[in-house]
Amino acid sequence: MDPTKLRRAIARTPLAPVAAFPKRLATVARHDAKVLRTSARWLVGSREHHNYTYDLTKLSRQHLAWFVSVVCAVPVSQVRAYFGEIESDDALRRHIERTTAGAARRGLADRQVRYARRIGWYAIVRAARPAHVVETGVDKGLGSCVLAAALLRNAAEGHPGRLTSLDINPEAGYLARSEPWSAVVDLVIGDSVATIDALDRPVDLFLHDSDHSRAHEKREFDAVEPKMAPGGLLLTDNVTHTNVLGEHAERTGRRFLAYRETPARHWYPGDGIGVAW
Ligand SMILES: C[S@@+](CC[C@H](N)C(=O)[O-])C[C@H]1O[C@@H](n2cnc3c(N)ncnc32)[C@H](O)[C@@H]1O
């Protein structure tokens, strides 16, 4: 019998899953072996135990450029130029490498500088030129440095702005405590919701990246809502886990979009950027 006809005949019978099993097994085994190889390389080569850093795949970087272009209504070529700016900022890169190498928690941090989706945060700040950015959740301060670098560039072009970075951990933000980046950063230690409640300036760009429980994320957006400047942007780092910002956008009459990043050469599935505007 013709092999194609035979395959079609088997596909109509209960034997079909058994016949397809070897091919299915080979496909999933190839995929899992790749994940295992990447995981083994990471276990040996990286020191990170949370808030992992990695580069984006080329495709994921392209999609991020289009995401920012649509949200900020700027040409995608302009967004790519912003990505180039932060990626070629050698002063920032050297500062992060040096400070990481001397930090108290250096045993749990990688020296290589890898921004992942934070290049999207950078481009959004460059495009939107906010006067006041609030970031909840600082950890080492990688995101704060990236946001501060964008604010410094904006200031050099005549659009000054400041970043309020909030964290409950008094040791957080060691990367963001050096000049010139620290000149535009107000690092506040305490619970994010209490600190948001106490903000006395309108917020042009808000980024949730602290306690990623659904309840806490919602509390932050509820707390910041009355503080938002007209036309302000709300961002979440938790968009691959909850729809809290999507629901907030619907309640408050905003648009909402989500971008899911793809890490290059890493086992971690990646996070994303949710934006309401
Ligand atoms: C994912 S990390 C922040 C990552 C950082 N934005 C970056 O770009 O690398 C989460 C941080 O949130 C902080 N955090 C957790 N609960 C908090 C709360 N209730 N208020 C403020 N910060 C909190 C943690 O101490 C931790 O440093």
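Analyst: Start with burial. A residue is buried if 20 or more other C-beta atoms lie within 10 Å of its own, exposed if 12 or fewer, and partly exposed in between, with C-beta atoms placed from the backbone. This is a predicted model, where local features need pLDDT of at least 70, side-chain atom pairs count only at pLDDT 80 or more, and totals for chains, interfaces and linings use all residues. Residues are numbered from 1 along each chain as its sequence is written.

User: Why is Leu 207 called buried?

Analyst: Leu 207 has 25 other C-beta atoms within 10 Å. The definition asks for 20 or more. Therefore Leu 207 counts as buried.

User: What does Leu 207 touch?

Analyst: Contact means C-beta atoms, placed from the backbone, within 7 Å. Leaving out residues up to four places away in sequence, the partners of Leu 207 include Trp 121, Leu 235 and Glu 135. Leu 207 and Glu 135 are 72 residues apart in sequence, yet 4.8 Å apart in space, C-alpha to C-alpha.

User: Why are E3 and E6 at the edges?

Analyst: The open sheet has seven strands in the order E3-E2-E1-E4-E5-E7-E6, with mixed pairing. E3 (185–189) and E6 (256–260) each have a single partner strand, so one side of each is left without a neighbour in the sheet.

Conventions. Pairing = 2+ DSSP bridges. Helix = DSSP H or I, 4+ residues; strand = E, 2+ residues; numbered from the N terminus. Contact = placed C-beta atoms within 7 Å.
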